[in-house]
Amino acid sequence: MASSESSPKKGKSPTPRVPMPTQEPLARIKNFAEVALGYAEDQALIEASRCIQCKKPLCVQGCPVEVPIRDFIAHLQKNDVQKAYEVIKSTNSLPAVCGRVCPQETQCEGNCILGKKGEPVAIGRLERYVADTYMALSACDQITGKPECPLINEDLKVACIGSGPSSLTAAGYLAARGIKVTVFEALHEVGGVLIYGIPEFRLPKGIVAAEVAALKEQQVDLLPNWVGGKTFTIKELFDEGYKAVFIGVGAGLPKFLGIPGENLIGVFSANEYLTRANLGRAYDFPHWDTPTFPGRRVAVLGGGNVAMDAARTALRLGAEEVRIVYRRTQGEMPARHEELEHAVEEGVILEILSAPVEFKGDSQGRLTSMVIQKMELGEPDASGRRSPVPIEGAFQELACDMAVIAVGAGPNPILLDSTPELKRTRRGYIDANQDTGETSMPMVFAGGDIVTGAATVISAMGAGRRAAKEIARRLLGEDAA
Ligand SMILES: Cc1cc2nc3c(=O)[nH]c(=O)nc-3n(C[C@H](O)[C@H](O)[C@H](O)COP(=O)(O)OP(=O)(O)OC[C@H]3O[C@@H](n4cnc5c(N)ncnc54)[C@H](O)[C@@H]3O)c2cc1C
Ligand code: SF4
């Protein structure tokens, strides 16, 4: 509970938060530019002034990487963006990313005391403002608060496998302490889901590239086109002198529905669809010559962030009608509120209480429609959400020429299958200590989606940071870590 000192003044409702400027829906569905435009200076200062600087700032308790939120906002209240940035960067290697995609409503902002009577401080938007305003500084300034990076000890080498937010955070933490880090990535670009999953209109590639460039300045080696378990093994890394390995290979194996017709032309996994659009730059056709499937009537199956991204991408690629088909109701959708709101504003139709049971096609094997079973809500299940229950005999056929399956993902198996020594959980993820990332193999650590299953950017970053702390403690000793 909040202390009385940190409660908003009795009888006085907090002022409403400053709205985020956005591109108009009708304009933005015709382009891939960022939807949320970010605060201008005056807006950021007004929003920062809403923070009442609680003695016990509950907002921090909701942040997996423990950003000293009250303190960065205090600097911002004095318009000292540099100090604000240094405070954020002291625990968060990717603030421009987090300010854009973290589910703040359930984390820092979900805990903010102002939310008890009115609207919480817009912490994510302020973080984005500070990061965007300050990105011009050198990486060493950003990360260490000093103009020079620490001297790198080439003998203390650590390998990170995968280049998503968990590995990038681990790499930044270790490099800031003078440890030589190499990041091995299977794909041809670095950034994990931040690059190949989350679309440009939510997280511009330039923002991820700037955060990655900061790591390069810290002498982190980033090696794309290296597939752990195929191009090299974990044992070979130790043979080459690496002292520790961090595994952050994510949960990139798409799940399917197992219903008839899933092999028809026009049915995609969200993973394939979004990777083509993002990494292949299909959204920038014909400047990049990767065409994508031109869906006219599109059905996206699922209700999370991935489903929202696929639906909004399809709209921007010219679809005339896009439906999100979801088994429960809008209230149970796991997507971030803001993304769901933006999707609806843009014209995405929500087909709720509907479960797909079959895809139908023509004689050429092309998708023409899907059959959905109408559902109603029953008792709450283990997740606390009410389970969808089929309404007997209630089926409906929806015309569609493209379907995107966004119903979850499993552990990426390539590295795991080649490393039987690595203990796995019942669900096939890496069994790692929650506090340290330690696995069953000595000096091998893991974190992010490959441990937890599909989760969030910030939780992957928290895991990368905890593992890096432990690696630094072992390699440098208690004090230096
Ligand atoms: C479309 C989409 C939208 C999302 N939206 C949000 C959002 O709005 N907010 C949010 O917080 N979270 C969101 N998430 C979830 C979030 O992106 C993930 O939880 C997070 O990226 C996990 O980070 P990670 O470091 O564990 O792995 P990843 O980001 O998955 O990165 C793993 C990397 O490892 C590489 N790799 C795999 N196997 C190997 C190997 N054998 N050798 C070398 N490299 C390998 C992969 O190519 C990949 O680049 C979204 C996810 C998706 C798919
Ligand atoms: S952001 Fe909210 S909880 Fe955190 S210090 Fe400010 S008012 Fe208090």
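Guide: Begin with a charge and a ring: the charged end of Arg281 sits over the ring of Trp288, 5.1 Å from its centre. A charge counts as over a ring if NZ of Lys or CZ of Arg is within 6 Å of the ring centre and within 35 degrees of the ring normal. This is a predicted model, in which local features need pLDDT of at least 70 and side-chain atom pairs count only at pLDDT 80 or more, while totals for chains, interfaces and linings use all residues. Residues are numbered from 1 along each chain as its sequence is written, chains are lettered from A and ligands numbered from 1 in the order in which they are written, and side-chain values use heavy atoms, with hydrogens and water left out.

Visitor: Over which ring does the charged end of Lys157 sit?

Guide: Over that of Tyr242, 4.3 Å from the ring centre. Tyr242 also belongs to one aromatic cluster with Phe184, Trp226 and Phe232.

Visitor: How many aromatic pairs does the structure hold?

Guide: Rings of Phe, Tyr and Trp (its six-membered ring) pair if their centres lie within 6.5 Å; planes under 30 degrees apart count as stacked, over 60 as edge-to-face and the rest as tilted. The structure holds nine such pairs. One of them, Phe184 with Phe232, is tilted, at 4.7 Å centre to centre and 40° between the planes. This pair links distant parts of the chain, 48 residues apart: Phe184 is in strand S2 (residues 179-184), and Phe232 is in the loop between strand S3 (221-223) and helix H13 (234-239). Helices (H or I, at least four residues) and strands (E, at least two) are DSSP runs, numbered from the N terminus.

Visitor: Is Phe184 buried or exposed?

Guide: Buried means under 20% relative accessible area, exposed over 50%, partly exposed in between (1.4 Å probe, protein chains only). Phe184 counts as buried because its relative accessibility is 4%, and Phe232 is buried because its value is 5%.

Visitor: Which residues come nearest to ligand 1?

Guide: A residue is near a molecule if one of its heavy atoms lies within 4 Å of it. Of the 37 residues around ligand 1, Val101, Ser166, Glu185, Arg202 and Gly228 come nearest. A polar backbone atom of Val101 is 2.6 Å from a nitrogen atom of the ligand, and one of Gly228 is 2.8 Å from a ligand nitrogen.

Visitor: Which element gives the most to the shell around ligand 1?

Guide: H15 does, with three residues.

Note on methods:
A polar contact is a pair of N or O atoms within 3.5 Å; within protein, one must be able to donate a hydrogen and the other to accept it, and residues adjacent in sequence count only if both atoms are side-chain atoms.
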